[in-house]
Amino acid sequence: MSLEAGEELATQTFRVTRADLVAYAAAAGDPNPIHQDADVARSVGLPGVIAHGMYTLALAARAVDGWAGAPGRVVELGAKFTKPVVVPAGEDGAEVVVAGTVKKVEDGRATIGLTVTCGADKVLGMPTAVVAL
Amino acid sequence: MVDSSLAGRTFPPPPSLQVTAEAVRAFAAATGTPYAEGEPAPATFPIVVAFVAMQALMGDPEVGIDLSHVIHGEQRFAYERPVVVGDELTATLTVDTLRQIGGADIIGTTSAITDADGALVCTAKATLVHTA
């Protein structure tokens, strides 16, 4: 794999549905109902069911694995969960777009700056990934 | 509000987590992550064990956090190696910082995730925002 400083990486688009969130809640052991039940979500002031922040970060990790060429190369990954990904009912769900730019390549590692959006909103704050080359 | 003495405390780790093929498959399927047997677990998989430690912290009656008022504000991982099926992972959580702003507790935590040999696999830093 070759990643070069300044390189714009191919933008990845992922779809997330409420069924995915139900499956994720079970797999991750995070049963918070704001990720499954619209009434509960609205009762705490959210516009509707929202994805787990960690779900969105998992999508960012999928994009990074794709750019790195293989799983298991990520040595750092993180973000702030700044805005919710609202997931409407139905098969269309929500679309999360992950864009990336190689910030630097040094000592066999590439630092990737990410931009993760849902509609017009940046949903992750300061999302970064470092991969071993 | 959470007592300010929380900062600096390390909590006894909850029981360790056996990383089974079934658990990794389910996590990969839920997140749509391509996964084949023998490959590393998805990068965010260590949240499963880190989250157990965070829940133990939040559920500790001495800490006084109402679980339904906690937002996951930030998560960062640093990996020593990928997680693989067969790992037995333990998360030991330390509260690094506690800031109280506008009636909210902002709790900075670090979970050291270690394997059965006690070797560090991953460091998971989480910021939890607790509102009254």
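Helix axes here are lines fitted to C-alpha atoms over the stretch in contact, with angles running from 0 to 180 degrees between N-to-C directions. Helices (H or I, at least four residues) and strands (E, at least two) are DSSP runs, numbered from the N terminus.

Ground rules first: I'm on a predicted model, where local features need pLDDT of at least 70, side-chain atom pairs count only at pLDDT 80 or more, and totals for chains, interfaces and linings use all residues. Residues are numbered from 1 along each chain as its sequence is written, chains are lettered from A and ligands numbered from 1 in written order, and side-chain values use heavy atoms, without hydrogens or water.

**Helix pair.** I looked up H1(A) against helix H1 (residues 21-31) of chain B: they pack at about 155°, axes 8 Å apart. So H1(A) is roughly antiparallel to H1(B) (the cut-off is over 145 degrees).

Next I checked the largest pocket, whose volume is about 880 Å³. A pocket is an open set of points on a 1 Å grid over the protein atoms alone, where a 1.4 Å probe fits, with protein on both sides within 12 Å along at least five of seven lines; lining residues have an atom within 4 Å of a point. The volume is the space filled by probe spheres set on the points, which are joined across faces, edges and corners.

I found 37 lining residues, with A:Asn32, A:Ile34, A:His35, B:Val70 and B:Ile71 nearest the centre. H2(B) gives the largest share, five residues.

Technical notes:
Angles under 35 degrees count as roughly parallel, over 145 as roughly antiparallel, 65 to 115 as roughly perpendicular and the rest as oblique.
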